[in-house]
Amino acid sequence: MRFDKNPFFSDLTAQHKRLAPQRITQLFEDDKTRFDNFSVQAPHIFLDYSKNLVDKHAFDALINAAKACGLEASIQQLFSGEKLNTTEQRPALHTALRDSSEQTIFVNGENIKPEISIALDMMGTLVERLHKGEHKGCTGKPLKQLVSIGIGGSYLGPKTVVEALQAYHLDGLECYFVSNIDGSDLARTLPKLIPDQCIFLVQSKSFGTLETLENARSARRWLKTQLPPNANLSHHFLAVTSNVPAACEFGIPEDKILPMWDWVGGRYSLWSAIGFPIVFLLGMANFQALLRGAEAIDKHFRNTELQENLPVIMALIGIWHRNFFNYDSQAVIPYSENLFYLPSHLQQLDMESNGKRVDRNGEAVNYHTGAIIWGNSGTNGQHAYHQLFHQGSCTVPIDFIAFKTSDFEFGEHHTHLLANCFAQSQALMEGRSLDQVTAQLNDQGLSDQEARKLAPHKVIPGNKPSNTLLLETLNPASVGALIASYEHKVFVQACLWDINPFDQWGVELGKVLETAVFRAMQNKDEAQKLDASTRGLLGKLT
Ligand code: F6P
């Protein structure tokens, strides 16, 4: 059902009209138990959504809209392998990758659980052989440096998890990621490598991505210059792909190719063999803990009534902001330097899934869909872009993410980190009025005239919405739960917007045009076929 045809769309419009002139602080005055009524505990994650301009009437309307679009049935279809990726006629079974139950799941008549288990065993065996030095380089030395070559979902997920779990890295191992075709990415990595002790992992579901193939070829050319003549380079390459023939053609032995499947989208694939860097650097036990954390959220998402369902609530608050307050972006700010890459992963997860303009019937939608997702770590953002949050001309809803405890204790650092996180959401909600600011300036000894002149520049309007996700500590299970929560948030929003979150046709045109521009850079005659601007830019290269 198109969102504008949802029977509760008009009710939500009316609820917004009623609430928009109000202040969040007033809602706390009206309901002394608001914090309890607008927060929810899920496995590993406590969500405080009380600092949003939403009350019971509006929230109930959001829940009704979710029910009206058949969300509960859609959730079950997601887990059971319905072909929800309608344009590619595929299911989206990233949840199957972390399903430890005996439940069978069929794709085209075949139970996929055995092959998932085989792939997991293959990852474990390969990593164990690397760790034990049984899988050696061409000169007989152990391979202790893994270089993952991949981009998009073949990079961001594992990179985010590896960076998040610094405290869990096994000793004596190094893991590097090369993603961009910009030579500086490879150039900064190669000098760190000991040629006969490194192994390149080419991660590409299609094994056809330009950046990844060019980087893999350049890495192989470099390795050839570093190793003895006639060295067997195949010792130093692995692949993760669903395109085995292409990986074999590149020269990677079939028994060194880990599988990927069409029923797992790239941006949802860190739970598959794409997560190999996680297993290599953290060990299989921690990778399993990551899967279990995600599985705990899956069970919560699948079995919890909508009004107590954390990913559903995150999604509905997002829709409230996107479609009724017309906020164009959503910031995600983890108060954790180790989660620095999380917003980048969520950018692909959310914007490549819900950056869509037609509904599942191919009809252009007349309402907003996916928002612009951005952010990076707090407290750093406070010294960079929080000024706009507090006094800018636009409103940016924020997901703050914080952890009760840290693995990195230095004095009061973690206490200050938490205090800053909570203070930011409080400041965004409360602000400071003209009267409050003026009185403060008078108290500081400014004359009435001086205070009147400066005060308008110091007013903080407040009434800015935010969620706070509070977790126990940053560990494999909580990271798994966090990322799975956002996967399901994206899915719920797609259900209400009636869009397909699992394809990404929009990225194809750029790839096709790159080929034409690249060709025109080699042959001036080809340039004549291009637009004047591109021709002009090419002209500037000479
Ligand atoms: O171009 C977009 C995209 O296909 C993403 O969806 C994907 O994660 C990325 O490129 C990398 O694709 P592959 O894993 O096939 O190299």
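## Ground rules

This is a predicted model, so to speak of local features we ask for pLDDT of at least 70, and side-chain atom pairs count only at pLDDT 80 or more, while totals for chains, interfaces and linings use all residues. Residues are numbered from 1 along each chain as its sequence is written, and side-chain values use heavy atoms, with hydrogens and water left out.

## Domains

The chain is split into domain 1 (3-83 + 289-430 + 464-497), domain 2 (113-260) and domain 3 (508-539); the bounds come from an automatic or database domain assignment. Taken over C-alpha atoms, the centres of domain 1 and domain 2 are 35 Å apart. Where these two meet, 16 residues of domain 1 and 15 residues of domain 2 take part in the contact, with contact meaning heavy atoms within 4.5 Å.

Start with the open sheet whose six strands come in the order 1-2-13-12-10-11, with mixed pairing. Some bookkeeping: strands (E, at least two residues) and helices (H or I, at least four) are DSSP runs numbered from the N terminus, and two strands pair if DSSP finds at least two bridges between them. Strand 1 (39-42) and strand 11 (372-374) sit at the edges with a single partner strand each, so one side of each has no neighbour in the sheet. On average, neighbouring strands are turned by 15° against each other, direction ignored.

Further in, strand 10 (residues 329-334) and strand 12 (residues 398-403) run parallel and are joined by four bridges. Across that pair, Ile333 stands opposite Phe400 of strand 12. Helix 13 (residues 310-324) packs on the sheet and touches strand 1, strand 2 (45-48), strand 12 and strand 13 (466-471), with its direction at about 30° to that of strand 2. Such angles run from 0 to 180 degrees between N-to-C directions, using lines fitted to C-alpha atoms, for helices over the stretch in contact.

Strand 7 (residues 198-203) and strand 8 (residues 237-241) are linked by four bridges, and Phe200 has Phe237 as its bridge partner in strand 8.

## Around the ligand

There are 14 residues around the ligand, and Ser154, Ser204, Ser206, Thr209 and Glu352 come nearest; a residue counts if one of its heavy atoms lies within 4 Å. For polar contacts (pairs of N or O atoms within 3.5 Å), a backbone N or O atom of Gly153 lies 2.7 Å from a ligand oxygen atom. Lys205 also brings a backbone N or O atom to 2.8 Å from a ligand oxygen, while Glu352 uses a polar side-chain atom, at 2.7 Å. On its own the ligand exposes 390 Å², and the protein buries 87% of that (Shrake-Rupley areas, 1.4 Å probe).

Gly378 and Thr379 are joined by a cis peptide bond, with omega about 15°. Thr379 belongs to the loop between strand 11 and helix 15 (386-391).

Asn230, a residue other than glycine, has a positive phi near 65°. You'll find Asn230 in the loop between helix 9 and strand 8.

Notes: Polar contact = N/O pair within 3.5 Å; in protein donor to acceptor, adjacent residues only side chain to side chain.
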